[in-house]
Amino acid sequence: MNDRPWAQVLVAYGGHGVVRIAGSDPVPCLFRRRVGRPCCGDQVRIAPADDGAWVVEEILPRRNRFMRADQRGRPQVVAANLDRVVVVVAPAPPPSRDLLDRYLVAVHSLEVNPVVVLNKAELPIDERAPGAGPLGRIERYRELGYAVARTSCKGPPGVDELAPLVADRTSILVGQSGVGKSSLIRRLVPDIEIQTGALSRVTGKGTHTTTTTMLYDLPDGGHLIDSPGVWEYGLWKLAPADIAAGFPEFSPWLGQCRFNDCRHDSEPGCAVKAAVERGDILAWRHAGYLRLLAQNESAG
Ligand SMILES: Nc1nc2c(ncn2[C@@H]2O[C@H](COP(=O)(O)OP(=O)(O)OP(=O)(O)O)[C@@H](O)[C@H]2O)c(=O)[nH]1
Ligand SMILES: [Mg+2]
Ligand SMILES: [Zn+2]
């Protein structure tokens with residue numbers, strides 16, 4: 001059956017979705033249970049079904065995927081085959097506490113490259129908001145090695161810092177509802193109206209609020225995936241080592257603690273704590289790590 005065409009999943013609604021064979025228009029497609037559950041960004045082999053529709057016969061192996069926890073703390077796949085996860089934060093609405101670090105831990109565990117975007121950069125930052133810390137420390141994240149962009153969809157600095165970070169790649173934009181993910185995509189995808197029109201003709205859904213994860217083409221190659229905003233981004237159950245790995249500046253000291261299973265909390269002989277005390281690791285980063293560790297241990 002290898003002569004069947006392969007297609008990219010643009011949007012997936014459980015049992016059906018919209019796919020596109022490269023260079024053609026999007027078409028509706030059925031997802032049968034026995035092949036698994038395709039998600040946005042999947043490559044699938046499809047076969048013609050009745051009424052001009054198509055049916056997925058096989059999901060090609062995923063290079064990687066981005067996940068989030070459902071209400072019960074179980075990981076759910078949001079999109080697959082990504083080069084970048086763009087975590088968007090903004091002064092309004094301010095991020096909930098530890099949101100950015102949770103995203104960065106998740107992205108690290110999924111082996112995808114993160115990009116941190118401060119959108120609405122023309123607005124002042126209210127430092128009193130409980131989760132606003134990372135907004136004022138966005139340059140520290142850059143110094144820690146993260147790709148960072150400041151953007152505004154309402155004026156300068158525009159999207160010039162973000163455009164090269166997503167060019168020619170497949171990137172998903174994630175973050176709280178209202179931070180401007182769809183607005184950024186509209187700025188980066190000039191023919192978005194044509195693409196959303198083509199999609200909504202197939203899905204029959206309007207295009208005002210983001211309710212489903214959807215893939216769009218960048219004009220010069222690559223794709224942007226819009227995702228519905230969340231209020232809280234939940235991590236699924238991770239090992240303490242997976243959380244520590246999401247703090248890349250800890251890595252020179254990992255493996256040097258007295259105990260193999262050190263959680264870098266208050267264990268004696270902890271090399272990470274010693275690095276914090278020497279000032280080699282920022283104290284607020286270590287404190288953030290400990291909060292994620294505690295949250296993850298009380299979850300699920
Ligand atoms: N001041 C300002 N407002 C912006 C900017 N970008 C987007 N907005 C506004 O913020 C609001 C939310 O923007 P959206 O793009 O819909 O946000 P979203 O992240 O896609 O939200 P969800 O789809 O709910 O997740 C809209 O009223 C936008 O006009 C910006 O850079 N500055
Ligand atoms: Mg949106
Ligand atoms: Zn330790």
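I am working on a predicted model, in which local features need pLDDT of at least 70 and side-chain atom pairs count only at pLDDT 80 or more, while totals for chains, interfaces and linings use all residues. Residues are numbered from 1 along each chain as its sequence is written, and chains are lettered from A and ligands numbered from 1 in the order in which they are written.

**Terms**

I took helices (H or I, at least four residues) and strands (E, at least two) as DSSP runs, numbered from the N terminus. I call a residue buried if 20 or more other C-beta atoms lie within 10 Å of its own, exposed if 12 or fewer, and partly exposed in between, with C-beta atoms placed from the backbone. I count two residues as in contact if their C-beta atoms, placed from the backbone, lie within 7 Å.

**Helix α9**

I looked up which residues of α9 are buried, and found Gly288, Tyr289, Leu292 and Asn296. They cover an arc of only 105 degrees around the axis, so they sit on the same side of α9; the arc is that of the directions from the helix axis to the C-beta atoms. On the other side of α9, I found Ala283, Ala287, Ala294 and Ser298 exposed. I also checked the length: helix α9 has 16 residues (283-298), which should span 22 Å at 1.5 Å a residue, and its end C-alpha atoms are 23 Å apart, which agrees. The expected span is 1.5 Å times one less than the number of residues.

**Barrel**

I traced a closed barrel of five strands, in the order β1-β2-β3-β5-β4, with mixed pairing. Two strands pair if DSSP finds at least two bridges between them. Neighbouring strands of this sheet are turned by 55 degrees against each other on average, direction ignored. Axes are lines fitted to C-alpha atoms, for helices over the stretch in contact, and angles run from 0 to 180 degrees between N-to-C directions.

I went through the pairs. Strands β1 (residues 6-13) and β2 (residues 16-20) are antiparallel over five bridges, and Tyr13 has His16 of β2 as its bridge partner. Strands β3 (residues 27-30) and β5 (residues 54-59) are parallel over two bridges, with Cys29 partnered by Trp54 in β5. Strand β4 (residues 43-48) runs antiparallel to β5, joined by five bridges, and Ala47 stands opposite Val55 in β5. I noted that β4 and β5 form a hairpin with five residues between them, and that Asp51 in the turn has a positive phi of about 55 degrees.

**Open sheet and its helices**

I found six strands in an open sheet, ordered β10-β9-β8-β11-β13-β12, with mixed pairing. Which are the edge strands? They are β10 (147-150) and β12 (214-217), each pairing on one side only. Neighbouring strands here are turned by 25 degrees against each other on average, direction ignored.

Strands β11 (residues 170-175) and β13 (residues 223-226) run parallel and are joined by four bridges; Ile172 has Ile225 of β13 as its bridge partner. Helix α5 (residues 181-188) packs on the sheet, touches β8, β11, β12 and β13, and makes about 155 degrees with the direction of β13. I listed the buried residues of α5 as Lys181, Ser182, Leu184, Ile185 and Leu188. Their arc around the axis is only 160 degrees, which puts them on the same side of α5. Helix α1 (residues 99-109) lies across β8 (84-89), β9 and β11, running at about 175 degrees to β8.

**Core**

A nonpolar core is a set of buried Ala, Val, Leu, Ile, Met, Phe, Trp, Tyr and Cys residues joined through C-beta atoms within 7 Å. The largest one has 73 residues, among which Cys40 and Val87 touch the most other members. Its largest share, seven residues, comes from α1. Not counting residues up to four places away in sequence, the residues touched by Cys40 include Val9, Val11, Met214 and Ile225.

**Loops**

I logged two cis peptide bonds: Ala92 to Pro93, omega about -10 degrees, and Pro156 to Pro157, omega about 5 degrees. Pro93 is in the loop between β8 and α1, and Pro157 is in the loop between β10 and α4 (163-166).

Asp98 is also in the loop between β8 and α1, with a positive phi near 65 degrees. Is Asp98 buried or exposed? Asp98 counts as buried because it has 21 C-beta neighbours inside 10 Å. Glu111, in the loop between α1 and β9, has a positive phi near 60 degrees and counts as exposed, with 10 such neighbours inside 10 Å.
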